[in-house]
Amino acid sequence: MASNSISVTPQSSQSAHALSEANWKEKASASPPVTIAGRILFSAIFIMSGFLHFSQQEIGYAAQAGVPMARLLVPASGILALLGGLSILLGYRAKLGAWLLVIFLVPVTVMMHNFWAVKDPMMAQMQMAMFLKNMTMLGGALLISQLGAGPWSVDARRRSAR
């Protein structure tokens, strides 16, 4: 009677591991045009809004929302947003740039978009949408902090030059 069990020898196990690793790398390779488009779209909001953090209107809005030392912290957050956004856009030290955006997003999301404390239902809904938008961007920044900028980036060029 024939046995239906499959015997795995160490050699075939190693071959299977090498094959699955090759398949993973093939599937994980990123399309250069898609990654550059993603970096442009992701970084645009940080670069554009980063400049606004130096305006009196933005500083006043943050102060009214209860941000302590708004005159100092709002421009400082603008610097984090600009540096992180430019880092990801160019793909230069993108993992570090992503961490700068995480440092920017966590306090801004909690302090500026605390929908749970807003009494007006329309404003609460708007703040919840902004909160969720920031949480989504936080997720993207965390992914970039682990995976990097991908192809067509300064980081990729520096790696290939080594």
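This is a predicted model: local features need pLDDT of at least 70, side-chain atom pairs count only at pLDDT 80 or more; totals for chains, interfaces and linings use all residues.
The chain contains seven helices and zero strands, and its elements follow the pattern α-α-α-α-α-α-α when read along the sequence. Of the 162 residues in the chain, 30% are buried. The accessible surface amounts to about 11,000 Å², and carbon and sulfur atoms contribute 69% of that area. Among contacts with a sequence separation of 6 or more, 67% involve residues 24 or more positions apart.

The packing of helix α2 (residues 32-52) against α6 was examined in particular. The two helices pack at an angle of about 120°, and their axes are 11 Å apart. This angle makes α2 oblique to α6, since the range counted as roughly perpendicular runs from 65 to 115 degrees and roughly antiparallel applies over 145. The crossing of the two helices is left-handed. On the α2 side, the contact is formed by Phe42, Ile45 and Phe46, which meet Lys133, Met137, Gly140, Ala141 and Ile144 of α6. By class, the residues of this contact comprise six nonpolar, one polar and one charged.

When residues up to four places away in sequence are not counted, asparagine 134 touches Leu105, Val108, Thr109 and His113. Of these partners, Leu105, Val108 and Thr109 fall within the residue range of α5 (94-112).

Most residues other than glycine have a negative phi. Methionine 69, although not a glycine, has a positive phi of about 50°. Methionine 69 is located in the loop that lies between α3 (56-64) and α4 (70-90). Its relative accessibility is 56%, and methionine 69 therefore counts as exposed, the cut-off for that class being over 50%.

Arginine 93 likewise is not a glycine and has a positive phi of about 50°. Arginine 93 is placed in the loop between α4 and α5 (94-112). With a relative accessibility of 43%, arginine 93 counts as partly exposed, because this value lies between the limits for buried and exposed residues.

Conventions
Residues are numbered from 1 along each chain as its sequence is written. Side-chain values use heavy atoms; hydrogens and water are left out. Contact means heavy atoms within 4.5 Å. Axes are lines fitted to C-alpha atoms, for helices over the stretch in contact, and angles run from 0 to 180 degrees between N-to-C directions. Helices (H or I, at least four residues) and strands (E, at least two) are DSSP runs, numbered from the N terminus. Angles under 35 degrees count as roughly parallel, over 145 as roughly antiparallel, 65 to 115 as roughly perpendicular and the rest as oblique. A crossing is left-handed if the near helix is turned anticlockwise from the far one by less than a right angle, and right-handed if clockwise. Ala, Val, Leu, Ile, Met, Phe, Trp, Tyr, Cys and Pro count as nonpolar, Asp, Glu, Lys and Arg as charged, and the others, Gly among them, as polar. Buried means under 20% relative accessible area, exposed over 50%, partly exposed in between (1.4 Å probe, protein chains only). Accessible areas come from the Shrake-Rupley method with a 1.4 Å probe; for residues, only the protein chains shown count as cover.
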